[in-house]
Amino acid sequence: MEFPHRTKLLLSLFSILTLLSAFNFTHVSGPKATPGLSGRQLLQTENTSEPIRHSDDTVRVDPLDHFNKYKGGFDITNKHYWSSTIFTGIPGYAIGVVWLLCGIGYGGFLLVTTFWCKSGDRKQKKKKKRFSCYKHCYLWHIILASFFTILAIAASGLVLGGNVKFHSRASTVVDIVIETANNASGTIYNTTGAMRNIRENLETTDVGFQASNFLTSTSDQLDDEAADIEREARKNRRLIHEGLNIVYIITSVIVSLNLVAVIALSVSGFLKFRRAVQWLIVFCWFLTILCWFSFGLYFFLENFVGDTCTALEDFQQDPYNSSLSSILPCDELLAAKPVLSDVSAGIYDLVNEVNSNITSLQQTMSLNLVYVCNPFSEPPEYKYLQGNCPENTIPIGEIPKALKVFISTSNFKTVEAYTTSIQNLLNAYPGMEDLVECQTVKDAFSEILIKHCEPLKRYVRMVWVAMVFLSVIMVVLVLVWTTKARHERNYHSSDGSVKHHIAAANMLDSEMADAANGNTDHTLV
């Protein structure tokens, strides 16, 4: 009987396959790096003929660099990118500051005219003539105030609606990115789980003490990396969501308060509550400043969203040479791709050798043995064929069942340990392949580009355009009510002075009449 020889041959082949896998895994840690050069730097030196493309849209004035042009491209790790992008909202910030200064100046003017400027009789006569058209002007003030109040209400609705949609869409994009990071860490955990299973299975054999130690240290390192990814993902999710919520809440509060203040101002003005109108004008003036600042903020956000979508497009074209290379490790993972190809080629060749030996055994011993399914396609692609085995073959994990009747119990355990280890490795292979090729990141970015980029840009543009509209309306509305309040103040002041003089004259005439009547009565007597 040649069963022992056949069993020994099969065990040797699977031992070589397992050791080859472990040997190739040791190369994943990479050769000794050249001092002073990281993996990314080595790749960049190889790709010096293809410099990273930077969109011209990111060439902007940088206030942190003496207002020189920033030309570093999309780089969220660069403070000069952020300063130059935030500075694009300068129209809103500048108009807000100008409006603030106008309010301070007008307030100072009112204080001066109230406490230091005294009105003489001649001035009162001029005022009386100036405000003779008070009733006519009052009608126009009411018409203008009503019209612009309606426009302010409509603009507030547009801002609130666009803000809700932008916040929802931005949160969805953040969730996609964080989920992608979590999937990457999950892939690493699956790989380390397979490596631990291989190590545990090899412990029952006399093969692979060095490989077992390597698998232990490597799996621990990968677990640490996965834990770091998860920790960073949780932190970034919290920070980004907090930032989005702050922008959303502040915008909603500003616009809602502005809406209430506008309605209250109109009601108070129509009912002629002079003191309430004055305080509401001051409040609306302050809210108008915040509206201009909000316009600048959302204008900056539109530029940032546009830069991000452009960077994602560049990444889709070349993930290893894009403006996102500073924050994504795809170029470093590329160094592991040849190692993964070597593992695929090694498994492919060894499975073919096993099947060749099975053919020889069938010819010499007339045994009906099934062939082992080769999990990889023919060279040079070596594409992983998951679940695509011919009908007359079995996967590597089922080899122990096919050999159970031919081998002893001890040999069966050894074969089972080897084949289970390799099958665990193959189960984790698709995830490792996607991770090395950055396929998970590509899929996530593709989803963002196709489904979310255009709506994001549309909604953020809708918010800042509506905010400009609302801010301009508030400026006009505040000026209308300020003019009306000024007219009423001067009119009532002038009217009160005239009435005072008339009352004094009437009192004097009454006293003179009483004196004349008294003199007459005295004469008659």
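1. His66 sits in the loop between β1 and β2 (68-70), and although His66 is not a glycine, its phi is positive, at about 55°. Please bear in mind, here and in the points that follow, that this is a predicted model.

2. Pro380 belongs to the loop between β3 (371-372) and β4 (393-394).

3. The packing of helix α4 (residues 90-115) with α8 has an angle of about 170°, and the two axes are 7 Å apart. Since an angle over 145 degrees counts as roughly antiparallel, α4 and α8 are therefore described as roughly antiparallel to each other. On the α4 side the contact involves residues including Pro91, Tyr93, Ile95, Trp99, Leu100 and Tyr106, while the α8 side contributes, among them, Trp285, Ile289, Trp292, Phe293 and Phe300. Sorted by class, this contact of α4 with α8 has 15 nonpolar and five polar residues, with no charged residues.

4. Helix α8 (residues 274-317) also packs with helix α3 (residues 79-86), at an angle of about 130° and with the axes 8 Å apart, and α3 and α8 are therefore oblique to each other. Tyr81, Trp82, Thr85 and Ile86 of α3 make this contact with Phe300, Asn303, Phe304 and Asp307 of α8. The residues of the contact of α3 with α8 comprise five nonpolar, two polar and one charged.

5. Which residue forms a salt bridge with Asp307? The partner is Arg60, and the closest N and O atoms of the pair are 2.9 Å apart. Because Asp307 lies in helix α8 and Arg60 in strand β1 (residues 60-62), the pair ties together parts that are 247 residues apart in sequence. In general, side chains of opposite charge can pair when their charged atoms come close. A search of the whole structure finds three salt bridges.

Definitions and conventions:
Residues are numbered from 1 along each chain as its sequence is written. This is a predicted model: local features need pLDDT of at least 70, side-chain atom pairs count only at pLDDT 80 or more; totals for chains, interfaces and linings use all residues. Side-chain values use heavy atoms; hydrogens and water are left out. Axes are lines fitted to C-alpha atoms, for helices over the stretch in contact, and angles run from 0 to 180 degrees between N-to-C directions. Helices (H or I, at least four residues) and strands (E, at least two) are DSSP runs, numbered from the N terminus. Angles under 35 degrees count as roughly parallel, over 145 as roughly antiparallel, 65 to 115 as roughly perpendicular and the rest as oblique. Contact means heavy atoms within 4.5 Å. Ala, Val, Leu, Ile, Met, Phe, Trp, Tyr, Cys and Pro count as nonpolar, Asp, Glu, Lys and Arg as charged, and the others, Gly among them, as polar. A salt bridge is a side-chain nitrogen of Lys or Arg within 4 Å of a carboxyl oxygen of Asp or Glu.
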